[in-house]
Amino acid sequence: MIKAVRGTRDLLPPDTGLWNFVERKVREIFARYNYHEIRTPIFESTELFARGVGEETDIVSKEMFTWEDKARAASEKTQTLTLRPENTAGVVRAYIEHELGRSGLLQKLYYIGPQFRRERPQKGRYRQFYQIGAEVLGPASAGSELPIRDAEVLDMLTALLDAVGLKGWTLYLNSVGCLNCRPAYNQALREALAGVKDQLCADCRRRAETNPLRVLDCKVPADQPIIEKLPKIADYLDEDCREHFAQVRAMLDTLEVPYQVNERMVRGLDYYTRTTFEFTHGELGAQSAVLGGGRYDGLSEQIGGPKAPGIGFAIGEDRLVLALQAQSQEALGTLQAFIIPLGAGMSRHALRLARELRSQGITADVSDESFRIKKSFETAEKLGAEYAVIVGENEVQAGAFSVKKLKSGEQTTVPRAELRQFLQS
Ligand code: ATP
Ligand code: MG
């Protein structure tokens, strides 16, 4: 038997109903915040991620699906391509390529789509997974650097989590400084690490040399007491970064968005500056991060573009869905009416009634033509339908249908014109 490749999975009904529900809410809420959708290719030049995400990151150093793509014609050349492991680099590339900054306006863009990372598959961690993300970027003259952008992004996220009904999340917030103040912090970290790194795990010993900030990410329990005592980034922020962070927090306070400052949260991507954040959820176990994001004021220049400060986030859709499934679930996309034709010749009337109801916004399905009412009621229950509507010759002639509420077994005759209202009540 040929099976789905390790780390990939099929999404099947009824789960896809929840995925669709989430995506519907995303489109609805993001549109209200004046975001528009962008779709970028699933694969890009490897170089984009090497430069945009950073050579030192886990993503680039060990998680990418990369291949040599052979030339097929003299007009083509062999290139190194990569399945996108994240979407921010692709969005910023598109921003540069299409000169989206020329309008002088802020670009508020969102995407929904698959990403690929070669990780050890486990619950909440897959090799093909889905992200829902948004980016707001533009020339500094459009206000792209201002704290109001950060606060609005976080406000939108809480609105979305509310709309999908996720409860019990925690927002962790930090500032990782900028190109001006981070070198001093890195230096301080390096010096502090020099004395203690022999007591740390192998990964941290390497990171202490290559990318000391990453040590703060370490999850190894034995390392924690040592890491706790390392210098804190808050003590190294320059005046502008400190003020920026204070303003973001003040706006969140006014918006009544609850958060916790976590000075160790540096996030996995090299391009972050200033505000970084993560939303976690207790139901997710080891893979507790539902989403993460931050500001990336130097990213555009890093990949050869104009100055285009911005901030964005990526929600792990797989994890968001898992967290929602772990909660008691409200009815999602339930089948409102199961229409049962009674007797030969009634199928076309059942079909017509179904079309009528569907056009009125009712979710309806039609039974088979076996005309066995008991079996049809059983099917209706298995499908989780709220009502069964019987379409017999008498019903069609009278213009009124016998409707059974499946939970209570209660049966009522409802005139055709009132059917929609009845089914929705
Ligand atoms: P983690 O620390 O869990 O590896 P990350 O820092 O690598 O996360 P980001 O690159 O910031 O994650 O991606 C944003 C979100 O995408 C994460 O918070 C998570 O919800 C989701 N995500 C990342 N990698 C995976 C994966 N392999 N499978 C499923 N979801 C993922
Ligand atoms: Mg990761």
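Student: How do the residues of the shell around ligand 1 divide into nonpolar, polar and charged?
Tutor: Six are nonpolar, four polar and five charged. Keep in mind that this is a predicted model.

Student: Which residues are the closest to ligand 1?
Tutor: Arg117, Glu119, Tyr126, Arg267 and Ala289. In total, 15 residues surround the ligand.

Student: What does glutamate 119 do there, in terms of distance?
Tutor: An N or O atom in the side chain of glutamate 119 is 2.6 Å from a nitrogen atom of ligand 1.

Student: And how far is arginine 267 from an oxygen atom of ligand 1?
Tutor: 2.4 Å, counted from a polar side-chain atom of arginine 267. Glycine 316 uses its backbone instead: a polar atom there is 3.4 Å from an oxygen atom of the ligand.

Student: How much of ligand 1 does the protein bury?
Tutor: The protein buries 87% of the 590 Å² that ligand 1 exposes when taken alone.

Student: Which elements give two or more residues to the shell?
Tutor: β6 (128-137), β10 (289-295) and β11 (310-316). The largest share comes from β10, with four residues.

Student: Switching to the whole chain. How many helices and strands?
Tutor: 15 helices and 16 strands. The C-alpha trace spans about 85 × 60 × 50 Å along its principal axes.

Student: What share of the residues is buried?
Tutor: 49% of the 425 residues. The chain exposes about 21,200 Å², and carbon and sulfur atoms supply 49% of that area.

Student: And what about contacts between residues at least 6 apart in sequence?
Tutor: Of those, 69% join residues at least 24 apart.

Notes: Residues numbered from 1 in each chain as written. Chains lettered and ligands numbered in written order. Predicted model: local features only at pLDDT ≥ 70, side-chain atom pairs only at ≥ 80, totals over all residues. Heavy atoms only, no water. Near = heavy atom within 4 Å. Polar contact = N/O pair within 3.5 Å; in protein donor to acceptor, adjacent residues only side chain to side chain. Areas by Shrake-Rupley, 256 points an atom, 1.4 Å probe, with all protein chains shown as cover. Nonpolar A, V, L, I, M, F, W, Y, C, P; charged D, E, K, R; others polar. Buried < 20%, exposed > 50% of the residue type's maximum accessible area, 1.4 Å probe, protein only. Contact = heavy atoms within 4.5 Å.
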